Amino acid sequence: MPKQQGGRHLGVNRSLAGDILVFAVLACFGAFMLLPFIYAIAQSVKPIEEIFVFPPRFLANHPTTENYRMLSHLTDSLWIPFSRYAANSIFVTVVGTLLNLIVASMAAFPLAKYKFPGSGFLFNIVVMALLFTGPVTALPQYIVVAKTQLINTPWAVILPTVALPLGLFLMKNFMTQINDAMLEAARIDGAGIFRVFVSICMPLVKPASFTLVIFSFQSLWNSTGGAYVYEEELKLLPTILNQIATAGMSRVGPGAAAAVLMMIPSFLIFVLLQSRIIETMAFSGIKG
Amino acid sequence: MMSASRKRQRREWSLLSRIIRARGCYAMLAPFYILFFMFIILPILGATFLSFTDFNMLEIPAFVGLENYARLFFDDDVFLIAANNTFIFAVITGPISYFACLIFAWLINELNPKLRAILTFVFYAPSISGMLFVMWGFIFSGDMYGYLNYFLMSLGFINQPVQWLTNSETVLGVVIVVQIWMSLGTSFLSFIAGLQNVDRQLYEAAAVDGVRNRLQELLYVTLPSMGPQLLFGAVMQIGAAFSVSSICMTLAGFPSTDNAALTIVTHIYDYGNVRFEMGYACAVSMVLFVLILSVNHVIQRIITRVADV
């Protein structure tokens, strides 16, 4: 029987002391997790006299927005307007994320729910590719991108990351857990595989979709385009912000401000989508 | 009753007919797999080929057979140090971050939805912060300005600043801490989503059957239902644990003191991008790949026994 204390309703097998302990542990580790963020934000609002002071202070004594103003001043006087970099990054990130979601879901659905020749093999090579790491694939990958004439276009940054093994893995695992009865019902009603996919499967795997979007978004947003784009007009946001941040001692303040600004879109997307994940889970499909 | 030859006909025919019937499936798989082949399989095959050559990235690769591998196994002392460090890394950070993901996801799942949302964000944030781990470099900085040193000195624990990042004894520990900090990523989210997917009725049924506290509930009800997520988390963590490199290079320096923070991937980076011996670097990559594959295989066997996947 669930314990009840006054008007407070606790779940099955829950006690108040247990709840408090859980919260305390999480608060401690949460502080540990947040340490660098607080530090970055604090650094970005410190006036320059306070950044190199001894004894070193963690938080700012006289917070100011001077660093952000200097950052906007620096970015105003660039050869290529700052908005160009931002637009490039936004394009690459949005298009890449959408493509990633569509392509990965489309591929995951047959693998999760259908048996056909080669299904096991195809999935296993994706898992194996997930495990191959290292700088050595960079060179052959560059050759592939060069031969397909994609160098110096935004697609050079987007396309290699669209076939993300992680995306396929994530979507397939979640799709495996969908109740088959719904799919069968749709199939009996005459839906072809694509129809079943779009109308039944995709709405059910929203949490996984959002997780994939979050992951893909932050990976693309933080990517500097690397060696694939060399024309200045096509470069991405992190490139120019890194240049500012590493420009020396006098730029530590604006550098921290730049780092904070780069973090914000990733965080925003996550916060926005996270509540949807939780909300979607409250109304899931077939019960029991 | 069918004659034997008629039966044989039906069996052969059905493979082709199965492929044709499944053409919708193949059509849906096509975009992903074409891109996958072009940008991931081809480069891996290229790297495999290069591992049997001597390639300095400027001239055409010269085929040398197994010489790279022979040199790797018999002649390279630094590789042994790298392998040792990587092994320590993998053994410590792999399980710790995997269980940390699981335990924190489970703890966070216990709270009410608002707190859950905030804390999920707090714990996930480090892994999407890009290069923010350099801030740890400032905290662990080896002079009096470093926050940790200053903190410990003002409390009286130490008298002189500790060279966290350049002392070969402490640098590995620092990198491990930062790696764990950053590793609550996709596995964490996957566990959170999986935990919320568990059927609520199972918990109540378990309570009726005699499960008396949270811990038992976790072991007997939650974990077995989370099989796919556990596997996924394991694959991700193994890959991440074995491929630690950018943290090492940024925080501990490249090369690090006494090679204390040298991992296999930084070793590859060294030979590939610094010394331009791409063939050798590819050979090391192949060895690493085989290593990760085998560890992964073992771990997957273990997990499929814990959870019924």
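Reply: The questions below set the terms against their definitions.

This is a predicted model, in which local features need pLDDT of at least 70, side-chain atom pairs count only at pLDDT 80 or more, and totals for chains, interfaces and linings use all residues. Residues are numbered from 1 along each chain as its sequence is written, while chains are lettered from A and ligands numbered from 1 in the order in which they are written.

Me: What makes two residues count as being in contact, and how many residues of chain A are in contact with chain B?

Reply: Two residues are in contact if their C-beta atoms, placed from the backbone, lie within 7 Å. By that criterion, 78 residues of chain A are in contact with 83 residues of chain B. Helix α1 (residues 16–44) of chain A gives the most to the side of chain A that touches chain B, namely 13 residues. Helices here are DSSP runs (H or I, at least four residues), as strands are (E, at least two), numbered from the N terminus.

Me: What classes of residue make up the side of chain A that touches chain B?

Reply: That side has 60 nonpolar, 18 polar and no charged residues. Ala, Val, Leu, Ile, Met, Phe, Trp, Tyr, Cys and Pro count as nonpolar, Asp, Glu, Lys and Arg as charged, and the others, Gly among them, as polar.

Me: Why is α5(A) called oblique to α2(B)?

Reply: Helix α5 (residues 119–130) of chain A and helix α2 (residues 23–50) of chain B pack at an angle of about 45 degrees, with their axes 11 Å apart. Axes are lines fitted to C-alpha atoms, for helices over the stretch in contact, and angles run from 0 to 180 degrees between N-to-C directions. Angles under 35 degrees count as roughly parallel, over 145 as roughly antiparallel, 65 to 115 as roughly perpendicular and the rest as oblique. The angle therefore makes α5(A) oblique to α2(B). On the side of α5(A), the contact is made by Leu122(A), Val126(A) and Ala129(A). By class, the contact has nine nonpolar, no polar and no charged residues.

Me: Why are α10(B) and α11(B) called roughly antiparallel?

Reply: The axes of helix α10 (residues 200–209) and helix α11 (residues 214–225) of chain B come within 11 Å and cross at roughly 150 degrees. The two helices are therefore roughly antiparallel to each other. Their contact includes Tyr203(B) of α10(B) and Tyr220(B) of α11(B). Its residues divide into five nonpolar, one polar and one charged.

Me: What makes helix α14 of chain B mostly covered?

Reply: Nine of the 11 residues of helix α14 (residues 264–274) of chain B are buried. Among them are Ile264(B), His267(B) and Asp270(B). For chain A, 36% of the 288 residues count as buried.

Note on methods. Buried ≥ 20, exposed ≤ 12 C-beta atoms within 10 Å, placed from the backbone.
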